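Please look through the structure below with its sequence at hand. The paragraphs after it walk through a few places in the fold.

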Amino acid sequence: MGRIAVAAIVSFWVIPISILVNRVVPEPYMDEIFHVPQAQQYCKGNFKSWDPMITTPPGLYYLSLAYVASLFPGMFTVKAVSFFDVCSTAVLRSTNGVLAVLCSIILYEIITYLRPALDDRKATLQAVVLALYPLHWFFSFLYYTDVASLTAVLAMYLACLKKKYLFSALLGAFAVLIRQTNIIWMIFVACIGVINITLAHGRIGAEVNENHVSERKNDFLTSTSSISVGSNLRKRKSGKAVDKDDISIPSTSSFSATQTSGLLGEIQDIILTSWHMKWGILVSFSPFLLELLAFIAFIHWNGSVVLGAKEAHSVSPHFAQIMYVSLFSVLLSPPLHITFGQVATLLQSFWKNRPLSFFQWLFALTVGLLTVHFFSITHPYLLADNRHYPFYLWRKVVKAHWSMKFLLVPLYVYSWFSIFGILGRTQRKIWVLVYFLATAATLVPAPLIEFRYYTIPFYFLILHSDNTDNRHWLLMGVLYTSLNIFTLMMFLFRPFHWDHEPGIQRFIW
């Protein structure tokens, strides 16, 4: 029932807003001027045609082709001229509308899998609120790769959680075919799969050994009880036998949820357990490895990660992205991070673990200051394109004064400590480390600040934050709805013109 409710609620806004967007903005806009004509070429069956300005693989176009074919089963029997009718901008945009509904169902499935004790009503609320996440919501009505990318990555993760590793790897391959950076999230999902397997194996081993120890102790207690009527000599011998057996009792497994000592202990446990299970793990996760090798071969052949416009999207050491994504994620989930309770929790942890916490914060602040000073990249697009909101935030906030970028560092550091603290309540340290590395590997090479790039890291963060308070989710829902109304109104009803270029310009994320 929950899946149907989620799909119905999301469809309730997807359908009318899609109609409104197509009525006000019927022509392709921004990146759509590249994606729509390319998809239309595929609709014509011209698979050799490729626009050199497109940076991502053709996964979205294949998906749209299958979607259009399902809507118009007879399309391949009509004349070529009609392909532009069935592959119009509105129809292609509706691909993402359908995917937005599917993505909300996948979110519901992940939520109920991760929190099996959660009732349907709360799970439905959380899935609907996450479907309202502004960056995901806005691009559900345009023909961009973001919605398809998120849907494929979450579907891959859900399949891995359910131990359907081959299916998960196939979904991962399709996710990479939509957007290259999803190779990082494919590796992340595979790593989490290995961690989960070793965790389960360690727990089972520990439970079996504990039961074995308990049974053997009970047997000896029964044995000593039954011979208690014997001589004092026999009693002494029995006592000696118990002592000897206590020494020979096998120890419990070192990989226990309650026994690992810190990050290094977890890594050691996972390596040891993985080694004992190496052949099973290799068989289960070999498809992921093959995809990684194929991707490396593609980079070697292509000479770059991106397909087109390589000069504008060259890989750069943009470590400041790690700072930006933390603050952005915290601002988009304020009930979790921006509360007196969370601040008090962090301060309590700081005081409890002093002086180590002092050196951790000092190190983080130092690294943050060095990062924003030496590894903050100002992309030409960021300075020149006033259609994007980062343009205004960069000029009005980050560049408001020379010291501003340094004054923001404590906020970045607080954001990461808050994120680590919240994830650490429900996830192991190794999980948090893998998440951080995946986020960094996705964002650091990107020279351009695009809030769209933060979507997948945000979803993995919020899905694994232990927050079941309905008030928090309702507050986030109100925040997201307000932002969505604002950005949609600005996009549709506040157009403007450039002096140096004809056509209507619109504000966009």
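This is a predicted model: local features need pLDDT of at least 70, side-chain atom pairs count only at pLDDT 80 or more; totals for chains, interfaces and linings use all residues.

Residues are numbered from 1 along each chain as its sequence is written, and side-chain values use heavy atoms, with hydrogens and water left out.

Helix 3 (residues 59-71) packs against helix 5 (residues 89-114) at an angle of about 95°, with the two axes 10 Å apart; helices here are DSSP runs of H or I with at least four residues, numbered from the N terminus, and axes are lines fitted to C-alpha atoms over the stretch in contact, with angles running from 0 to 180 degrees between N-to-C directions. Helix 3 and helix 5 are therefore roughly perpendicular to each other, a term that covers 65 to 115 degrees. Residues of helix 3 including Leu60, Tyr67 and Leu71 meet residues of helix 5, among them Val91, Asn96 and Leu99, where contact means heavy atoms within 4.5 Å.

Asparagine 467 lies in the loop between helix 23 (455-463) and helix 24 (470-493), and is buried, with a relative accessible area of 4%; buried means under 20% relative accessible area, calculated with a 1.4 Å probe and protein chains only. Not counting residues up to four places away in sequence, asparagine 467 touches Gln126, Leu336, His472 and Trp473.

Leucine 346, in helix 16 (residues 340-352), is likewise buried, at 13% relative accessible area. Leucine 346 and serine 418 are 72 residues apart in sequence, yet their C-alpha atoms are 7.2 Å apart in space.

Terms used:
Helices (H or I, at least four residues) and strands (E, at least two) are DSSP runs, numbered from the N terminus. Buried means under 20% relative accessible area, exposed over 50%, partly exposed in between (1.4 Å probe, protein chains only). Angles under 35 degrees count as roughly parallel, over 145 as roughly antiparallel, 65 to 115 as roughly perpendicular and the rest as oblique.
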